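Subject: Structure handover

Hello,

Please find the structure below. My notes on it come after.

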Amino acid sequence: MKLLRYIFRNVMRNKLRSLLTVMAIWMCLMLMTFLYGYLASMEAWGKEADKYNRVVVMNKQGFDGLVPEKMLSEVREIKGVVAAVPFSWFGGRYGDGSQFFAQFGTDPEQVFKVWAEYKIPADQLEAFKNDRQACVVDRELAERLGLKIGDRVRLQGTYYNFNLDLKLVGVYDPPETTLSLFYNVKYLDEGLRATAGGRGAGNCGTIFFKGASADIIPKLCSQIDQHYESSETPTNTQTEKAFSQMFVKMQGNIQNFILFIAVFVTISLTLVAANGMAMSMRERTTEIAVLKAIGFQSGRVLTLMLGESVVIASIGGVLGVGAGRGVYALVHWAAPMIVQTSRMPWPVMAWGLVISAAIGLASGIVPAVLAARLSVVDGLRRIV
Amino acid sequence: MSDTNDQPVVVVRELHKEFHRDQLTIPVLIGTNLEVHAGEFLALMGPSGSGKTTLLNLIAGLDRPTDGTIHVAGEDLGSMSESALARWRSRHVGFIFQLYNLIPVLTAFENVELPLLLTHLNRRERADHVRTALEVVGLADRVDHYPRQLSGGQEQRVAIARAIVNDPTLLVADEPTGDLDAKSAREILDLLCRLNKDFGKTIIMVTHDPHAAERAGTLVHLEKGVLVDSPASPATPQSVQA
């Protein structure tokens, strides 16, 4: 503690050099925090979903395969299934198309039993159940679109060649924003029957159900898949967490790619910072020799030098993590389908700070060891 | 000449120091013997390369001899580890350098406080010691000044305050007036004499300046690594046993 003042004074000794080093770390940590926040946000769905015992049944062939309505009735009959709903993607365009969000056809009767953690007022839920053209939206989505109850929501079909003309009757509050809209899947069916000669009608898309407890879910998954194995529509049944990870895997090696970039940026940044520290040490050779002459032991000199590099890197780290958090929030606001959660997981920020301190240690270690091992006589000889 | 105690503070016996440069071995000190008594003010003179700074560094525990022994305040410096030697220096030696070597980012007060950071003194006790040292050197009104805001003579006074703040056994000064104008040099020598006479400090000073050497109570010459009484003949006074 006694030496902190000296450490801080040394940090401020060459302001331009310290500022440039801080800015370099700031920029690097901002980028890394954002990228890792983005990766973490992709996994956040799975982690959150794991708590709610939800299971997804889809056709073994993927999203294009049929999941017939009859299967939904059968799943609902299985012991241990609390509630089950169809979950059919519409992919419509709203307004000028600048605000893209997810729209799912589902069963108003049971959807808030499967997503029991979502809160919706009872009267709004009742209205959703009673009107086939009704829809409900996530609160943040409603705010973004400026929608209020009673508004018409017209979705222009892109995947389907017809439009949905919906009426907003409710706003629900999920624990973490989903930016999604639920409407009655029967309305979608009607559209398909009217425009496509019934092709694609009666298809659930996927089935989401809620299991009674976590321990029976593996058994339920294998039970369902075995039951439909020899049918026309074999299934792939998995937890919601596994389902979410499918989307992460769809991005291929992007995680490894980001990790690869981050590692090399960190190494190059450490070398740049180390160069700054080495220059700083060289300029202070005599000063270090004087400190050792008056009794500062090697360990204390090492602490002084490392303390200096860690302080510089940590200032950059705090600014970088803060800025990365800001960029993350900005991207979430501007492009919610890219960054889907508003809250950056705290471990990402904590790791950012740890990495910045590690950059400080790594960049300072060689100059610090050289300083600690400096011969007093050699150091003083430069000026004596 | 100042009053000195019979007990030697510094005892150097058969001291040899060699430096190695590439394949060359350069003998710098050759069988040097020296005693410095408590309260003595000794000036070491000699031409460049004669080994006076090397001898000063060895006595101050900054370097290791090739052969021979050095006892300071009863302790054998050769038997100490590096860290023990560093601790010993912090307690027993005050350094005064030609170029002052103050830390530019610290104020006069903070520079003088540096050696006390290695002690167990609390903040208030350290402040008391620092103020006393700065008063002794006549810079009580410059505590918050940075080195760049001080003249050369004032910087050297701060360096002297730093050297005496922990009341060391021995003060070593390497050309303390070498970078000063005549007036400032005179003031610094007055201060060193006062520390020696009024406070009984034992001082070893390396100098090229005959006027500075005259102020010391004892004068010894080094020539080609050998202590001599005068530039022409080997030394034999009480303080020099060659």
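This is a predicted model: local features need pLDDT of at least 70, side-chain atom pairs count only at pLDDT 80 or more; totals for chains, interfaces and linings use all residues.

Contact between chains A and B. Chain A contributes 19 residues and chain B contributes 21 residues. On the chain A side, the elements giving two or more residues are α1 (4-11), α11 (285-293) and α14 (376-381) of chain A. Of these, α11(A) supplies the largest share, five residues. Sorted by class, the side of chain A that touches chain B holds 10 nonpolar, four polar and five charged residues.

Sheet in chain B. Four strands form an open sheet in the order β2-β1-β4-β5 (chain B), and the pairing is antiparallel. Strand β4 (residues 67-72) of chain B is joined to β5(B) by two bridges; Val72(B) has Glu75(B) in β5(B) as its bridge partner. Helix α1 (residues 52-59) of chain B lies across β1 (8-21), β2 and β4 of chain B, at about 120 degrees to β1(B).

Helix α10 of chain A. This helix (residues 254-283) has 30 residues and spans 43 Å from its first C-alpha to its last, close to the 44 Å expected at 1.5 Å a residue. Which residues of α10(A) are buried? They are Leu269(A), Thr270(A), Ala273(A), Gly276(A), Met277(A), Ser280(A) and Met281(A). An α-helix has 3.6 residues a turn, so residues three or four places apart point the same way. The cover over the buried residues of α10(A) includes α2 (15-49), α12 (298-334) and α13 (346-373) of chain A.

Regards

How values were computed. Residues are numbered from 1 along each chain as its sequence is written. Chains are lettered from A and ligands numbered from 1 in the order in which they are written. Two residues are in contact if their C-beta atoms, placed from the backbone, lie within 7 Å. Ala, Val, Leu, Ile, Met, Phe, Trp, Tyr, Cys and Pro count as nonpolar, Asp, Glu, Lys and Arg as charged, and the others, Gly among them, as polar. Two strands pair if DSSP finds at least two bridges between them. Axes are lines fitted to C-alpha atoms, for helices over the stretch in contact, and angles run from 0 to 180 degrees between N-to-C directions. The expected span of a helix is 1.5 Å times one less than its number of residues. A residue is buried if 20 or more other C-beta atoms lie within 10 Å of its own, exposed if 12 or fewer, and partly exposed in between; C-beta atoms are placed from the backbone.
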